[in-house]
Amino acid sequence: MIQLYTEQRGNPDKPRLVMLHGWGMNSSIWQRVLPALEDHFSITLIDLPGLGQSPALDNLTFDAAVDALLAVAPEQAHWLGWSLGGQLAVAAAAKAPERVSALVMVASNPCFVARDDWASAMDTETYQGFKSALADNPAKTLTRFIMLQTQGAEAGRETLKLLKQLVKEDQPSALAPALTLLETDVRNALAELSMPVLLQFGENDLLVPASAAEGCAALNPVAKTAVYGGAGHLPFISHAESWCDEVIAFLSEARA
């Protein structure tokens with residue numbers, strides 16, 4: 001099996017935390033919050049298949065991506081995933097619950113593309129438009145995608161500047177195959193989780209509507225939900241201090 005790129009940060013004597021980024025990005029997206037988290041956790045950053053410094057899988061399916069993540073993750077850890085990373089973390093927790101102590105989903109939707117019974121998501125037409133545009137002009141499509149992540153959000157201009165710099169420095173090898181992973185529906189997986197779960201949303205997120213918080217809470221009634229006022233798709237950048245405080249407090253309580 002092709003091994004994904006990982007990076008170790010933080011205090012090796014502290015509880016383990018796996019952090020997963022979203023589509024089109026890489027683990028450097030966490031640079032704003034790592035200094036605050038490193039004193040509290042032994043952190044494993046993982047670049048998703050075909051993104052960042054991770055090689056592409058020969059046959060990139062959602063299940064194959066989950067298996068690849070589990071293959072390089074610590075035997076037991078808290079998992080935190082943003083956007084697509086959140087979907088993958090949910091699936092990993094459902095597949096290997098003994099390995100996931102607690103789960104944090106950040107601006108993530110268990111069903112990213114809208115369905116008849118799940119309206120709080122990106123509409124199908126918009127998503128299909130992204131897929132088509134990505135085939136024609138990957139660079140332009142990725143730029144549009146990151147603009148949607150910050151549009152209408154607090155600290156939007158500053159966040160957009162950071163994202164553009166990350167994209168400029170990156171050379172993902174499997175943008176299009178990785179995008180199709182967002183078509184996966186992990187609602188059943190979220191519903192069956194029994195470990196502590198925290199679901200974080202941005203009030204002004206144009207990719208994952210804040211209204212998804214209610215649907216997720218209905219799927220897993222014991223999960224905690226938080227909506228960051230004024231935040232877009234990246235509350236860990238626009239609201240870094242309060243976001244870190246919440247994650248640290250939640251995971252400290254989860255292991256108590």
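Q: How many helices and strands does the protein have?

A: Helices (H or I, at least four residues) and strands (E, at least two) are DSSP runs, numbered from the N terminus. Here the count is 11 helices and 7 strands. The radius of gyration is 16 Å, close to the 18 Å that the globule rule gives for 256 residues, so the protein is as compact as a globular protein of that length. That radius is taken over C-alpha atoms, and the globule rule is 2.2 Å times the number of residues to the power 0.38. Along its principal axes the C-alpha trace spans about 50 × 40 × 35 Å.

Keep in mind that this is a predicted model: local features need pLDDT of at least 70, side-chain atom pairs count only at pLDDT 80 or more, and totals for chains, interfaces and linings use all residues. Residues are numbered from 1 along each chain as its sequence is written, and side-chain values use heavy atoms, with hydrogens and water left out.

Q: What share of the residues counts as buried?

A: Buried means under 20% relative accessible area, exposed over 50%, and partly exposed in between (1.4 Å probe, protein chains only). Of the 256 residues, 55% count as buried.

Q: And what share of the contacts links residues 24 or more positions apart?

A: Contact means heavy atoms within 4.5 Å. Among contacts with a separation of 6 or more, 77% come from residues 24 or more positions apart.

Q: Which residues line the largest cavity?

A: On a 1 Å grid over the protein atoms alone, a cavity is a set of points where a 1.4 Å probe fits but cannot get out; lining residues have an atom within 4 Å of a point. Grid points are joined across faces, edges and corners, and a volume is the space filled by probe spheres set on the points. By this rule there is 1 cavity of 30 Å³ or more, and the largest cavity has a volume of about 40 Å³. Its lining is Gln149, Thr150, Ala153, Glu154, Thr159, Gly232, His233, Leu234 and Ser238.

Q: How does that lining divide by residue type?

A: Ala, Val, Leu, Ile, Met, Phe, Trp, Tyr, Cys and Pro count as nonpolar, Asp, Glu, Lys and Arg as charged, and the others, Gly among them, as polar. The lining splits into 2 nonpolar, 6 polar and 1 charged.

Q: Is Gln149 buried or exposed?

A: Gln149 has 2% relative accessibility, so it counts as buried. Gln149 belongs to helix H5 (residues 138-150). Not counting residues up to four places away in sequence, Gln149 touches Met25, Trp82, Leu163, Leu207, Gly232, His233 and Leu234.

Q: Where is Gln151 found?

A: Gln151 lies in the loop between H5 and helix H6 (156-169). At a relative accessible area of 47%, Gln151 is partly exposed. Gln151 touches Asn204 and Leu206, again leaving out residues up to four places away in sequence.

Q: Which residues have a positive phi although they are not glycine?

A: Ala107 is one of them, with a phi of about 45°. Ala107 sits in the loop between strand S5 (100-106) and helix H4 (124-136), and Ala107 is buried at 0%. Ala155 is another, at about 60°. Ala155 is in the loop between H5 and H6 and is partly exposed at 33%.

Q: What does Pro235 touch?

A: Setting aside neighbours within four places in sequence, Pro235 is in contact with Val106, Ala107, Tyr228, Ala240 and Trp243. Pro235 is in helix H10 (residues 235-238) and is buried, with a relative accessible area of 0%.

Technical notes. On a 1 Å grid over the protein atoms alone, a cavity is a set of points where a 1.4 Å probe fits but cannot get out, and a pocket is an open set with protein on both sides within 12 Å along at least five of seven lines; lining residues have an atom within 4 Å of a point.
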